[in-house]
Amino acid sequence: MAKTTITKSDLEFLPLEDTDPIRQRFEAVFADRQEKQGVLVSKRWEQFSEFTRDISETASIFFPNVMYLFFQVSDKVGALSLDSRQLLMNAPSLLEIDGDSIYACNGDMSCGLVLDKFEEDGYWIYEAFVWGDELKAALLG
């Protein structure tokens, strides 16, 4: 069974000079995926428990892969390099800590995700945008 918890020894931050080019590529690829029909899929949840369940199920199906996690302070501390299953299993907690959105991608940009949290009509809404065949299949089941 794959390790799903994140421990202090798992916290490997990329240097800022390595983080910036990956973030720039991510932003360009994400923008490109948004413009192409069917390449980027999204899923929305109104219940945190359902969001957590679906993301956890995605983690159990998705193939292990090194992914780079970006969050609000990545421009100061660098991107966090994590196993995809660790990232997905902990994504709801990471999103709650960040408070807004987190995004992640693998090194060749063949898969990526944006997890968003926002308030709408007095309720918290959780939304995922993903690309990459394996990640889309794992999320959409």
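I take two strands as paired if DSSP finds at least two bridges between them. Helices (H or I, at least four residues) and strands (E, at least two) are DSSP runs, numbered from the N terminus.

**Ground rules.** I'm working on a predicted model, where local features need pLDDT of at least 70 and side-chain atom pairs count only at pLDDT 80 or more, while totals for chains, interfaces and linings use all residues. Residues are numbered from 1 along each chain as its sequence is written, and side-chain values use heavy atoms, with hydrogens and water left out.

Seven strands make an open, antiparallel sheet that runs 1-4-3-5-6-7-2. At the edges I find strand 1 (12-13) and strand 2 (41-45), each pairing on one side only.

Two helices pack on this sheet. Helix 2 (residues 48-61) touches strand 2, strand 6 and strand 7 (123-131), where contact means heavy atoms within 4.5 Å. Its direction makes about 140 degrees with that of strand 2; axes are lines fitted to C-alpha atoms, for helices over the stretch in contact, and angles run from 0 to 180 degrees between N-to-C directions. Helix 5 (residues 133-140) also touches strand 2, strand 6 and strand 7, and its direction makes about 145 degrees with that of strand 7.

**Strand 5.** Next I checked the neighbours of strand 5 (residues 101-106). With strand 6 (residues 112-120) it pairs antiparallel over five bridges. Isoleucine 102 has leucine 115 as its bridge partner there, and alanine 104 has leucine 113. Strand 3 (residues 66-70) pairs with strand 5 over four bridges, again antiparallel, and methionine 67 is bridged to asparagine 106. The hairpin of strand 5 and strand 6 has five residues between the strands, and in it methionine 109 takes a positive phi near 65 degrees.

How many residues of strand 5 are buried? Six of the six are, so the strand is largely enclosed by the rest of the structure. My cut-offs are under 20% relative accessible area for buried, over 50% for exposed and partly exposed in between (1.4 Å probe, protein chains only). Ser101, Tyr103 and Cys105 point one way, Ile102, Ala104 and Asn106 the other, and all are buried.

**Arginine 23.** I found this residue in helix 1 (residues 16-35). Arginine 23 counts as buried because its relative accessibility is 13%. Beyond neighbours within four places in sequence, arginine 23 is in contact with Phe70, Ser74, Asp75 and Tyr103.

**Glutamate 96.** This one sits in helix 4 (residues 84-98). At 33% relative accessibility, glutamate 96 counts as partly exposed. Not counting residues up to four places away in sequence, glutamate 96 touches Phe48, Lys117 and Tyr126. I also logged aspartate 116: 20 residues from glutamate 96 in sequence, and 9.9 Å from it in space, C-alpha to C-alpha.

**Cavity.** I searched the whole structure and got one cavity of 30 Å³ or more. By cavity I mean a set of points, on a 1 Å grid over the protein atoms alone, where a 1.4 Å probe fits but cannot get out; lining residues have an atom within 4 Å of a point. The largest cavity has a volume of about 30 Å³, volume being the space filled by probe spheres set on the points, with grid points joined across faces, edges and corners.

Which residues line the largest cavity? They are Ile55, Thr58, Leu88, Leu113, Ala128, Val130, Leu135 and Leu139. Helix 2, strand 7 and helix 5 each supply at least two of the lining residues. By class I get seven nonpolar, one polar and no charged residues (Ala, Val, Leu, Ile, Met, Phe, Trp, Tyr, Cys and Pro count as nonpolar, Asp, Glu, Lys and Arg as charged, and the others, Gly among them, as polar).

Key. 1 Å grid on protein atoms, 1.4 Å probe; cavity = no way out; pocket = protein on both sides within 12 Å on 5 of 7 lines; lining within 4 Å.
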